[in-house]
Amino acid sequence: MLVLAGTPIGSAEDASPRLLRTLATAEVIAAEDTRRLHGLLQRLGVQTSARVVSYFEGNEAVRTPELVAELREGRTVVLVTDAGMPSVSDPGYRLVAAAVAEGVAVTAVPGPSAVLTALAVSGLPVDRFTFEGFLPRRAGERSRRLARLATEERTMVFFEAPHRLADFLDDAATALGGDRSAAVCRELTKTYEEVRRGGLAELAGWAREHARGEITVVISGAPLADADPVDAVAEVQQLMAEGARLKPAVAEVAERSGVPRNALYQAVLDARKG
């Protein structure tokens with residue numbers, strides 16, 4: 001069995017009893033950084049007889065077949081990263097895909113998540129969100145990605161390195177608007193945890209002096225546009241003139257325009273009568 005083990009993102013006290021038991025009984029532990037793993041084991045007071053191997057971005061292509069061979073022989077392999085859940089902006093996806101292809105059971109030991117923790121404390125809407133992870137390091141590519149997110153209505157979560165945070169926030173302010181609400185969450189669950197809330201332009205200025213530690217950025221989605229029902233009815237009529245049936249045409253336009261489907265359907269019927 002392959003076990004994806006979520007590790008604390010800051011405080012070791014967040015480690016669950018199941019995580020401690022899993023690490024203590026593992027046969028093989030694949031760690032993003034073996035030194036950090038040993039440090040975590042020491043802080044948790046866990047002793048293990050597992051064979052510990054490294055598994056990080058630079059060697060996962062080579063290491064994955066070796067670990068799959070261990071799984072095929074019936075051993076339990078536990079995968080851990082430096083913090084949080086493996087495969088979420090960390091190594092792991094390649095091994096999970098290979099294990100699934102081999103018919104090997106895959107499970108997880110849930111643990112703390114920087115994404116969910118940042119969302120919870122951000123003060124921004126969390127009913128719908130999208131995780132964007134790390135954007136490209138090059139300014140041009142980053143700006144183009146942010147421009148494509150300008151109309152994204154869900155709350156967005158990003159990871160960013162502290163030395164690039166101010167530039168990232170500047171680019172976000174240009175693409176999304178300097179007044180767009182956001183929260184910069186640094187050192188979550190650690191001693192110097194800080195959540196800074198404000199507009200993107202304001203936060204960019206703050207970040208030039210204060211960006212330190214592990215950073216998660218939460219940005220509010222684009223405000224909902226005020227849809228024009230008259231235009232929506234006209235779009236449905238155009239689709240129907242091109243051969244579309246009424247209900248599919250209404251569903252398509254409602255999704256695109258934000259006009260409630262039932263209201264749009266009735267408006268089209270009323271227009272027919274008129």
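The structure is a predicted model. The UniProt annotation "domain: Tetrapyrrole methylase", from an unreviewed entry, covers residues 1–204.

**The five-stranded sheet**

- Strands of a sheet pair through backbone hydrogen bonds, either parallel or antiparallel.
- Five strands form an open sheet in the order β6-β7-β10-β8-β9, and the pairing is mixed.
- The edges are held by β6 (129–134) and β9 (194–199). Each has a single partner strand, so one side of each is left without a neighbour in the sheet.
- On average, neighbouring strands of this sheet are turned by 20° against each other, with direction ignored.
- Strand β7 (residues 155–160) pairs with strand β10 (residues 215–219) in the antiparallel sense, over five bridges.
- The bridge partner of M156 in β10 is I219.

**The helix across the sheet**

- Helix α7 (residues 165–176) lies across β7, β8 (181–186) and β10.
- The direction of α7 is at about 10° to β10.

**Helices α9 and α10**

- Two packed helices are described by the angle between their axes and the distance between the axes.
- Helix α9 (residues 229–241) packs with helix α10 (residues 246–257) at an angle of about 140°, and their axes are 9 Å apart.
- Angles over 145 degrees count as roughly antiparallel and 65 to 115 as roughly perpendicular; α9 and α10 are therefore oblique to each other.
- The crossing in which α9 passes α10 is right-handed.
- On the α9 side the contact is made by A232, E235, V236, L239 and M240. These meet L246, A249, V250, E252, V253, R256 and S257 in α10.
- The residues of this contact of α9 with α10 divide into eight nonpolar, one polar and three charged.

**Helices α10 and α11**

- The axes of α10 and helix α11 (residues 261–273) come within 9 Å and cross at roughly 125°.
- Helices α10 and α11 are therefore oblique to each other.
- Their crossing, α10 with α11, is right-handed.
- In α10 the contact residues are L246, K247, V250, A251, V253 and A254. Their counterparts in α11 are R261, L264, Y265, V268, L269 and R272.
- The residues of the contact of α10 with α11 divide into nine nonpolar, no polar and three charged.

How values were computed: Residues are numbered from 1 along each chain as its sequence is written. This is a predicted model: local features need pLDDT of at least 70, side-chain atom pairs count only at pLDDT 80 or more; totals for chains, interfaces and linings use all residues. Side-chain values use heavy atoms; hydrogens and water are left out. Two strands pair if DSSP finds at least two bridges between them. Helices (H or I, at least four residues) and strands (E, at least two) are DSSP runs, numbered from the N terminus. Axes are lines fitted to C-alpha atoms, for helices over the stretch in contact, and angles run from 0 to 180 degrees between N-to-C directions. Contact means heavy atoms within 4.5 Å. UniProt positions are given in the numbering used here, feature names are shortened, and annotations may be inferred rather than shown by experiment. Angles under 35 degrees count as roughly parallel, over 145 as roughly antiparallel, 65 to 115 as roughly perpendicular and the rest as oblique. A crossing is left-handed if the near helix is turned anticlockwise from the far one by less than a right angle, and right-handed if clockwise. Ala, Val, Leu, Ile, Met, Phe, Trp, Tyr, Cys and Pro count as nonpolar, Asp, Glu, Lys and Arg as charged, and the others, Gly among them, as polar.
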